[in-house]
Number of protein chains: 2
Amino acid sequence: MGLAKTEIFTDHQNQIAIFAKAFGHPARVAILQQLFKMDSCYCGSLVDEIGLAQPTISQHLKELRNLGLVKGNVEGTSVCYCIDKDNWTAMKSVMEDFLNQDLPENEDCC
Amino acid sequence: MGLAKTEIFTDHQNQIAIFAKAFGHPARVAILQQLFKMDSCYCGSLVDEIGLAQPTISQHLKELRNLGLVKGNVEGTSVCYCIDKDNWTAMKSVMEDFLNQDLPENEDCC
DNA sequence: TTATTTAATTGCAATATTACAATTAATAAT
DNA sequence: ATTATTAATTGTAATATTGCAATTAAATAA
C-alpha cells in the first residue's frame, strides 16, 4: 500500500528508519556532502553544484530541514544553509549504535 | 517522476543512498536487529516476531539479500537467515565515513 | 502418493517519492 | 514604483514502495 505500518514498530526503530531515509537519495547525500566541505552554502550554489532544478533542490532541503539536520539563514534574497551540528551529532549517535551492533559470536546458520 | 536521477551523482553518493535506503523502513531495521541478537533466525520466526504478513517479510528479506547484507540457508522446508558479516562490515565503513565527515570549523552562516 | 510445512513469487491496490514548470513571496536595486 | 534576484510553494505527471491475498515451489512426513 505504500504506507509503512509504523505503529507496530518501536520509536527507536522508526527513528532509525526516518534518519536513514534522509540519506536514501543521492541528491540529499550530495547536498550534505557539499554543506560539510563548504564555506559558501547558498541554496543557489547547491542548485549549480548538483544538476537538479531549483524546486527539486528546495524540496530536498526542506526534508533535511524538517529533520533538523540542516538549517538555513536568510541573507537578503539568498538563503545560506549549513549543517545543524548538534542535531547531526545526535543523529550520528543513533545511527552508529545501529551500525555497531555486535555481530553474533555463535555459528552462522549460513 | 518518482525516478531518482542517479546518473548525475557519483558512484559513492549512489552507494550511500542505496545502503541508507535499506535502513529506511522500520521493518528492515527490525529484521536486522533481530538477526543481530538471535540464535534462531528462521524466516518464520521473523514473521512471528514482527507483525507483518509472510510475503511482506519475504520481500523485505529479498531486498536485504540483494544488497548482500543478509544471507539465507535452506534447511529442509525452513530458511535460516543471518547477517553477512563481511558485507556488513564493508557497508558500515562506507556509512561511517559519511556520518563522520568533519564538521566545518569556520563560522556557521546560521 | 498424498498431505503438510515453510517460504518465495505473482498480481494488484494504495500510498509515497521524485522531478520540474509555473507561480508566488520576499528582499534588494534602480 | 519598477525591476531583478533568489528561493519557497503549488500543481501535476511519472515512477517507486509497501502490504497482502492467492498461488506456487520445494522439501519433509505420513
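Me: Copies are superposed by least squares on the C-alpha atoms of residues with pLDDT of at least 70 in both. What rotation superposes chain A on chain B?

Reply: This is a predicted model, in which local features need pLDDT of at least 70 and side-chain atom pairs count only at pLDDT 80 or more, while totals for chains, interfaces and linings use all residues. Residues are numbered from 1 along each chain as its sequence is written, and chains are lettered from A and ligands numbered from 1 in the order in which they are written. Chain A goes onto chain B with an RMSD of 0.0 Å and 0.0 Å of shift along the axis. The rotation that does this is 180 degrees.

Me: As by what kind of axis are the two copies thus related?

Reply: The superposition takes a rotation of 180 degrees with a shift of 0.0 Å. The two copies are thus related as by a two-fold rotation axis.

Me: Which residue of chain A comes closest to the rotation axis?

Reply: Look at the C-alpha atoms of chain A: one residue has its C-alpha at 2.5 Å from the axis. That closest residue is Ala20(A).

Me: Which elements does chain A have, from the N terminus on?

Reply: Helices (H or I, at least four residues) and strands (E, at least two) are DSSP runs, numbered from the N terminus. Chain A has five helices and two strands. Their order is α-α-α-α-β-β-α.

Me: What radius of gyration does chain A have?

Reply: Along the principal axes, the C-alpha atoms of chain A fill a box of roughly 60 × 35 × 25 Å. The radius of gyration is taken over C-alpha atoms, and the globule rule is 2.2 Å times the number of residues to the power 0.38. For 110 residues in a compact globule the value would be near 13 Å, but chain A has 17 Å.

Me: Which element gives the largest share of the side of chain A that touches chain B?

Reply: Here 40 residues of chain A are in contact with 40 of chain B, contact meaning C-beta atoms, placed from the backbone, within 7 Å. On chain A, α1 (11-22), α2 (26-37), β1 (70-75), β2 (78-83) and α5 (85-99) each give two or more residues to this side. With six residues, the largest share comes from α1(A).

Me: Through which surface do the copies meet?

Reply: Of the interface residues of chain A, 100% are also interface residues in chain B. So the copies meet through the same surface.

Me: How are α5(A) and α5(B) oriented to each other?

Reply: Axes are lines fitted to C-alpha atoms, for helices over the stretch in contact, and angles run from 0 to 180 degrees between N-to-C directions. Angles under 35 degrees count as roughly parallel, over 145 as roughly antiparallel, 65 to 115 as roughly perpendicular and the rest as oblique. These two axes come within 11 Å and cross at roughly 170 degrees. The helices are therefore roughly antiparallel.

Me: And how are α1(B) and α5(B) oriented to each other?

Reply: Gln15(B), Ile16(B) and Phe19(B) of α1(B) meet α5(B) residues including Met91(B) and Phe98(B). The two axes come within 10 Å and cross at roughly 110 degrees. The helices are therefore roughly perpendicular.

Me: Which element gives the most to the surface near DNA strand C?

Reply: A residue is near a strand if its C-beta atom, placed from the backbone, lies within 6 Å of it. DNA strand C is surrounded by 31 residues, with Gly2(A), Gly76(A), Gly2(B), Gly44(B) and Pro55(B) the closest. Six residues of this surface come from the element that gives the most, α4(B).

Me: Which element gives the most to the surface near DNA strand D?

Reply: Around DNA strand D there are 31 residues, and Cys43(A) and Pro55(A) are among the closest. Two or more residues each come from α3 (43-49), α4 and β2 of chain A and from α4 of chain B. The most, six residues, comes from α4(A).

Note on methods
Contact = placed C-beta atoms within 7 Å.
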